[in-house]
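Biologist: Please take one part of this model and examine it closely, describing how it is built.

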Amino acid sequence: MYRIGIIGCGKIAQVRHIPEYLASGKAVIAAFYDLNKARAEELAKTYNAIAYDSVDALLESGLDAVSVCTSNATHAEITIKALKKGISVLCEKPMAVNLEEAEAMAKAAAESGKVLMIGQNQRLNKTHRTARDLIRRGDIGKVLSFRTIFGHGGPETWSIDPGKSTWFFDKSKARMGAMADLGIHKTDLIDFLLDDTVSSVSASLSTLDKKDASGNLIGVDDNAICIYTMKKGAIGTMSASWTYYGEEDNSTTIYGTEGIMVIYGSSGHSITVTAKDGSHIYYDIDRMQTNDAQTSSGVIDEFLLSLDRGWAEISADAVLPAMRAVFAAIESSEQKKEVKI
């Protein structure tokens, strides 16, 4: 049994990490830490664990691994500190708030010999894994272009402290908005589906509607629209939004020389492949997880498997190309020009 510590006791920890560790049968949650001490103490009482007054004290408690579920700006510091203590880490996305931090995390993992996995759960969806296999097999020919979207009504109803004062809207804690919250998912997914990486970006990040508790526009982006050129030549768009005030959209469309693949589209099928002649092939595999319809993400099972074998498929090195694209998109939007990676 692995001894696990939870650092950051908010919604993602309570809805995904804790229940999935407990359901695995391979882990015991031994320690909690949160800036809100009462929250950590309540969880510790519920799960027969110990609540610690600091991250440092938690890391000295004889753990095998920790989940880092804190606000974005603290991911790198806590992760690196844990790795240097010889503790493996599952870090929530986005892995870091600048490229230097992300690269430092990857370096710390390599030097420690411990596992560092990033919670890019869309790679684990059975539908996405099937789509990748179909693309590799050539079912839609050579990929020419794509369109990938992740949009919903915003994080203020998801946060453990719901409302307009959520840390997601606080630039000092989040640093980035929809681009980091949702855009990193779909950027990493495109890399995964196409076995490719982004080589250049033209992007516009903006704050169109979200307001803080004082009625002012929030300090981070609530919409991001990016044009990605991939190393192998495909070109496409990635849109991330907190202002889809209706049905959530988490779809991806891939356009190839022999057909079109729609993943988690509006048809209700997991994958629809339309050939040149107009014929369709449907795959009904699973449904996309949403904030309102939680299912097992597979992240914890994958992390525990990574601990068993001593290495992570969704490692810092694997996610770094997507992080480079995210930071290039921010630079592109600020400088109003294409940015090459």
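**Annotated domain and its strands**

Modeller: UniProt, in an unreviewed entry, lists residues 128-261 as "domain: GFO/IDH/MocA-like oxidoreductase"; such annotations may be inferred rather than shown by experiment. The model is predicted, with local features requiring pLDDT of at least 70 and side-chain atom pairs pLDDT 80 or more, while totals for chains, interfaces and linings use all residues. Residues are numbered from 1 along each chain as its sequence is written, and side-chain values use heavy atoms, without hydrogens or water.

Strand E8, residues 198-206, runs antiparallel to strand E9, residues 223-230, and eight bridges join them (strands pair if DSSP finds at least two bridges). Within this pairing, Ile227 of E9 stands opposite Ser202. E9 is also joined to strand E10, residues 235-241, by seven bridges, again in antiparallel fashion. Thr229 has Ile235 of E10 as its bridge partner. The hairpin of E9 and E10 places four residues between the strands, and Gly233 there adopts a positive phi near 110 degrees.

The second largest pocket holds about 440 Å³ of space. Its lining comprises 16 residues, of which Glu247, Glu248, Tyr264, Gly265 and Arg287 are the closest to its centre. A pocket here is an open set of points on a 1 Å grid, with protein on both sides within 12 Å along at least five of seven lines; lining residues have an atom within 4 Å of a point. The volume is the space filled by probe spheres set on the points.

Note on methods: Helices (H or I, at least four residues) and strands (E, at least two) are DSSP runs, numbered from the N terminus. On a 1 Å grid over the protein atoms alone, a cavity is a set of points where a 1.4 Å probe fits but cannot get out, and a pocket is an open set with protein on both sides within 12 Å along at least five of seven lines; lining residues have an atom within 4 Å of a point.
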